[in-house]
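Please read each point with the structure in view.

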Amino acid sequence: MELHNVTCDSFKISWNMESRGQDRITHYFVDLNKKEDKSSNKFKHMDVPTKLVAKAVPLPMTVRGHWFLSPRTEYTVAVQTATKQPDGEYAVSAWSEIVEFCTADYSTVQLKQLLLKAEAIAGRMLPFTVFYRNQQREYFQPNRYAQCCRMLPSVKDNSGSHGSPISGKLEGIFFSCNTEFNTGRPPQDSPYGPYRFQIQADLLFNQNTNAYFGDFYCMYTSYHYVIVVLAPSGSKGDIFCRGKLPALDRSNNCFLSCGEEEDGSLSFRHAQDVILEVIYTEPVDVSLGTVSQISGHQLMSLSTLNAKKDPSCKVCNISVGR
């Protein structure tokens, strides 16, 4: 038995059968199970039936199942056949060998569907001038792994949409740029630490930077998050994003824009009605900005570290899994 064309929510399966008695085959059974325990291949027949019964038609055949597959999830699958005997009874074959497989990430088609949903609620654009990142004080101190004090990219965690191709794969540094509506400045509260690094926006986002849409999700709350990836053109991060993520028009998109004024200076805007998480894919020297202590609180409930997306939200989910 072989699997082909595995996507985030579908797969094709084929298997060999003995030629003897093929004309009497009336049904095929396909048994699909989520692989809960990596050390076991046993089927777990819960209350919900896992088998798909397909009436036999002349081969090759195509059957659309009624499962709802999730992206980036491990499954096991096996098949068997039912043959009508001359006496009218049915003979059911033994199950085939069990095949394990893992569904894929969202393709650009699914990400574009997610992008359209995010654009629908992004709201008007507000000006900003700095990117910022909050951490504990020691994060910004020189360490034995670097000769100078640099913030280094790390692999993104598994927060957000289960099928996002950047989770667990893209290396980058998280920044924020959201501002308070009444002051136009970054908020004084943070879930990540009391020390804030600020850097002028044009040092990370300029005419040499490509922007990509990475994800759209919520965590059982009324507010939504959008991830935008900023990658210097030709960088390792830029190469990773090409073909995997929808590219954004640098100067004209609904989330994070960089425009050029008449005097040649750059101006920046962010979406008002979503919380932007910006991933910059290259190291950043702390000497390029400033580090200071904020006066607000550490609101740990706002942390998105490994946060799970609400699978029931109609605003930020698409129909091919969560």
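1. In helix α1, the buried residues are Q110, L111, L114, L115 and A118. Here buried means under 20% relative accessible area, exposed over 50%, and partly exposed in between (1.4 Å probe, protein chains only). Viewed down the axis of α1, these buried residues fall within an arc of 145°, so they line one face of the helix. The arc is that of the directions from the helix axis to the C-beta atoms.

2. The model is predicted: local features need pLDDT of at least 70, side-chain atom pairs count only at pLDDT 80 or more, and totals for chains, interfaces and linings use all residues. Residues are numbered from 1 along each chain as its sequence is written, and side-chain values use heavy atoms, with hydrogens and water left out.

3. Helix α1 covers residues 108-121, and its 14 residues reach 20 Å from first C-alpha to last, close to the 20 Å expected at 1.5 Å a residue. The expected span is 1.5 Å times one less than the number of residues. Helices (H or I, at least four residues) and strands (E, at least two) are DSSP runs, numbered from the N terminus.

4. The face of α1 turned away from its buried side carries the exposed residues V109, L116 and A120. The cover over the buried residues includes β14 (209-217), β15 (225-232) and β16 (247-248).

5. Where does A307 lie? A307 is found in the segment after β21 (290-293), and A307 is buried, with a relative accessible area of 10%. Leaving aside neighbours within four places in sequence, A307 is in contact (heavy atoms within 4.5 Å) with N158, S159, G160 and M219.
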